[in-house]
Amino acid sequence: EAKKEELESNKDELTEAANAKKEDLASAAEAKKEELECKKDELMEAANAKKDGLAATAEAKKEELESKKDELVEAANAKKEELVSAADSKKEELESKKDELTASKQEELESKKDELTEAANAKTEDLASAAEAKKEELECKKDELMEAANAKKECLAATADFRSRGKEGGTRIQ
């Protein structure tokens, strides 16, 4: 009976100790669970903060790139306008140069034409003058030949007349 009571007492003590241990373990598990929950919340907050930070950085980078893109587009458009303007200016310059050269060439051709016309007119006048001089020379030569022919004719007529008188008994002149 004493042994039985001792065993009962031991059993009660062990049960109490086991229950106390069980409560300690449950309490420790609950504390650990709360600690892990707290840690999890902290990690989640840190992750969210990191995520927010990365999102903000990404947004800032995106805005920076958009701004850079806009600047580059504006610079490209300005360069394009500058090149178009330069091309138009060069085109106008070349058109002007072409017009100048055309006008200059036209003037040169007109001048050359005038020179050739003057030279042709002078040559025509020279030829006309030479022809007139030749005509006068030939007229003079003709007159001389006519005079010589008339003189010869008169001479021959006189000679013939003289001879015919000589045959009729006229005096002969030596």
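The chain holds 1 helix and 0 strands, where helices (H or I, at least four residues) and strands (E, at least two) are DSSP runs, numbered from the N terminus. Its radius of gyration is 72 Å, well over the 16 Å that the globule rule gives for 174 residues, so the chain is more spread out than a compact globule; the radius is taken over C-alpha atoms, and the rule is 2.2 Å times the number of residues to the power 0.38. The model is predicted: local features need pLDDT of at least 70, side-chain atom pairs count only at pLDDT 80 or more, and totals for chains, interfaces and linings use all residues. Residues are numbered from 1 along each chain as its sequence is written, and side-chain values use heavy atoms, with hydrogens and water left out.

Along the principal axes, the C-alpha atoms fill a box of roughly 240 × 25 × 15 Å.

How much of the chain counts as buried? Of its 174 residues, 0% do, buried being under 20% relative accessible area, exposed over 50%, and partly exposed in between (1.4 Å probe, protein chains only).

N10 sits in helix 1 (residues 2–167) and is partly exposed, with a relative accessible area of 32%. E1, by contrast, belongs to the segment before helix 1 and is exposed, at a relative accessible area of 69%.
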